[in-house]
Amino acid sequence: MTAPPDTGDVREDINVVERSLDDPELFALLYDRYFTEVYRYLAARLGREQAEDLVADAFLLAFHGRHGFDPQRGTVRSWLFGIATNVVARHRRRKGRRLNALSKVAAEGSADGPEDRVTSQLAAPRDIQFSRQRAASRRPQIHDSGVLTDHA
């Protein structure tokens with residue numbers, strides 16, 4: 001895990017955010033500085049493949065929301081990790097809604113009669129919970145050495 005930036009870096013980051021309001025290309029400095037940390041954070045929670053897509057979303061949200069950054073509330077680093085946390089939550093909500101919709105469609109399409117339909121609808125939440133638990137157990141792990149592995 002990377003150590004938090006020192007006071008000089010914190011001030012420089014704040015300066016970059018403020019100056020990027022007039023010169024948007026300066027925001028790339030923050031992207032270069034924090035990409036790896038934010039990517040690892042996302043990969044540890046969602047897996048490498050999802051992290052590759054969502055790290056871009058996190059930085060895009062940060063870029064568009066940079067006018068709202070308040071250095072009194074924390075560092076740029078903590079702000080970026082807060083955005084990444086929100087990206088994870090949004091992704092999980094969307095995935096949950098998608099799984100729920102798919103389970104309803106599958107339950108409706110596979111039931112032969114009223115009894116089968118009721119049985120399928122009762123079993124669907126249990127199947128979704130099992131799938132979520134199985135997916136969570138396969139989440140990549142970052143060890144103290146900073147090495148990312150596929151399973152705990």
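Trainee: Why is Arg 33 called partly exposed?

Mentor: Its relative accessible area is 31%. Buried means under 20%, exposed means over 50%, and partly exposed lies in between, all with a 1.4 Å probe and protein chains only. So 31% falls in the middle class.

Trainee: What kind of model is this?

Mentor: It is a predicted model, where local features need pLDDT of at least 70, side-chain atom pairs count only at pLDDT 80 or more, and totals for chains, interfaces and linings use all residues. Residues are numbered from 1 along each chain as its sequence is written, and side-chain values use heavy atoms, with hydrogens and water left out.

Trainee: What makes Arg 33 and Asp 13 a salt bridge?

Mentor: Their closest N and O atoms are 2.0 Å apart. A salt bridge needs a side-chain nitrogen of Lys or Arg within 4 Å of a carboxyl oxygen of Asp or Glu. The pair therefore qualifies. Arg 33 lies in helix H2 and Asp 13 in helix H1, so parts 20 residues apart in sequence are tied together. Helices here are DSSP runs (H or I, at least four residues), as are strands (E, at least two), numbered from the N terminus.

Trainee: Is Asp 13 buried or exposed?

Mentor: Buried: its relative accessible area is 1%.

Trainee: How many salt bridges does the structure hold?

Mentor: Three. One of them joins Arg 77 and Glu 37, with the closest N and O atoms 2.7 Å apart. Arg 77 lies in helix H4 (residues 76-110) and Glu 37 in helix H2, so this pair ties together parts 40 residues apart in sequence.

Trainee: Why do Arg 77 and Glu 37 count as buried?

Mentor: Arg 77 has a relative accessible area of 16%. Glu 37 has 13%. Both values are under the limit for buried.

Trainee: What makes Arg 66 a charge over the ring of Phe 63?

Mentor: Its charged end sits 4.0 Å from the ring centre. The rule asks for NZ of Lys or CZ of Arg within 6 Å of the centre and within 35 degrees of the ring normal.

Trainee: Where in the protein chain is confidence lowest, and where highest?

Mentor: Strand E2 (residues 148-149) is lowest, at a mean of 52, and H2 is highest, at 95. The score is pLDDT, the predictor's confidence in each residue, from 0 to 100. The mean for the protein chain is 80, and 60% of its residues reach 70 or more.
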